[in-house]
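Here are some friendly notes to read alongside the coordinates.

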Amino acid sequence: MFVLVNLKAYPCDPVEIAEAAADVSDETGVRIAVAPQAAHLSAVAETGVETWAQHVSPVEHGSHTGSTLAEAVADAGAEGTLINHSEARRKLADIDASLGAAERADLETVVCANNPDQVGAAAALGPDAVAVEPPELIGTGTPVSKADPDIVTDAVEAAAAVDESVDVFCGAGISTGDDLDAAADLGATGVLLASGVAKADDPRAALEDLVEPLA
Ligand SMILES: O=C(CO)COP(=O)(O)O
């Protein structure tokens, strides 16, 4: 299982979380990546943790003020990028172009989607993975893998129907090892989470608890 921690714009210490994630990953052998704010990518990458961007813009080098250029993200040390999110919804054409930008910069990609139908549409664009995250469960601490397991199995089916090489992750409310276990049982090969780590009093302990079933 791949554990991808999205720090969103939470008031956390990205380097402290990155160092903890790097240590927990080294100690357990579990793949853990951290996706900080774009401005924190270099600092996070310097910890040695696998570093992801939260977004890359659907643009090339040029007159695109305010964009997040895929090449700049890769130069800062990112190895992958999220594309689209319930909290920052993109048009299908822009998701497609952002995937093209990520491919140009050799970044691994996870497209976030709200439901299994969107997972199918996103899988058709050829990302490395899609993540199904029901918006109503995001940030609630109620895990999708338990609250609405059909969403995960339906997402796995929807992606496989389009392209069997596209991995399916799940997210929303994931915070414990039990949640991760449940996600794996439903066919997910990774989890995408945020508040369970970024808002934890002790992010290191939260990460240790999360990966415990895999360690
Ligand atoms: O939106 C999410 C990750 O991208 C999930 O957020 P939570 O883990 O806080 O529910």
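1. Let's begin with the ligand. In this predicted model, the ligand is surrounded by 14 residues, and the closest of them are Asn6, Gly139, Leu193, Ala194 and Ser195. Sorted by class, this shell holds six nonpolar, seven polar and one charged residues. Two elements, strand E8 (190-193) and helix H9 (195-198), each contribute at least two residues to the shell.

2. Next, the database view. An unreviewed UniProt entry carries a "binding site" annotation on Asn6, Leu7, Lys8, Ile138, Gly173, Ala194 and Ser195. These positions are spread over 190 residues of sequence, yet they cluster in space, with a largest C-alpha distance of 14.3 Å.

3. Two of the annotated positions deserve a look of their own. Leu7 sits in the loop between strand E1 (2-6) and helix H1 (14-28), and Ala194 sits in the loop between E8 and H9. Are they buried or exposed? Leu7 has 25 C-beta neighbours inside 10 Å and so counts as buried; Ala194 is buried too, with 24 other C-beta atoms within 10 Å. For reference, the cut-off for buried is 20 or more.

4. Beyond four places in sequence, Ala194 is in contact with Val5, Asn6, Leu7 and Lys8. Leu7, counted in the same way, touches Ala194 and Ala198, and its other partners include Cys12, Pro14, Ile17, Val34 and Pro36.

5. Now for the "active site" feature, which the unreviewed UniProt entry places at His85 and Glu133. They span 49 residues in sequence, but no two of their C-alpha atoms are more than 8.5 Å apart, so they gather at one spot. His85 is in the loop between strand E4 (80-83) and H4, while Glu133 is in the loop between strand E6 (129-132) and helix H6 (144-147). Both count as buried: His85 has 22 C-beta neighbours inside 10 Å, and Glu133 has 28 other C-beta atoms within 10 Å.

6. Which residues does Glu133 contact, leaving aside its neighbours within four places in sequence? They are Ser86, Cys112, Asn114, Ile138, Gly171, Ala172 and Leu192.

7. Ala172 lies in the loop between strand E7 (167-171) and H8 and is buried, with 30 other C-beta atoms within 10 Å. Asp106 also has a positive phi, near 65 degrees, but Asp106 counts as exposed, with 11 C-beta neighbours inside 10 Å. Its place is the loop between helix H4 (92-104) and strand E5 (108-113).

8. On packing, nonpolar side chains in soluble globular proteins tend to be buried together. Here the largest nonpolar core has 73 residues, of which Val5, Val34 and Val130 touch the most other members. Helix H7 (residues 149-162) gives the most to this core, with six residues. Among the contacts of Val34 are Val5, Leu7, Ile17, Val44 and Trp52.

9. Finally, helix H10 (residues 203-211) has Pro203, Ala206, Leu207, Leu210 and Val211 as its buried residues. Viewed down the axis of H10, they fall within an arc of 120 degrees, so they line one face of the helix. The elements covering them include E1, H1, strand E2 (31-35), helix H8 (177-185) and H9.

Note on methods:
Residues numbered from 1 in each chain as written. Predicted model: local features only at pLDDT ≥ 70, side-chain atom pairs only at ≥ 80, totals over all residues. Near = placed C-beta within 6 Å. Helix = DSSP H or I, 4+ residues; strand = E, 2+ residues; numbered from the N terminus. Nonpolar A, V, L, I, M, F, W, Y, C, P; charged D, E, K, R; others polar. UniProt positions renumbered as here; feature names shortened; annotations may be inferred. Buried ≥ 20, exposed ≤ 12 C-beta atoms within 10 Å, placed from the backbone. Contact = placed C-beta atoms within 7 Å. Core = buried A, V, L, I, M, F, W, Y, C linked by C-beta atoms within 7 Å. Arc of directions from axis to C-beta.
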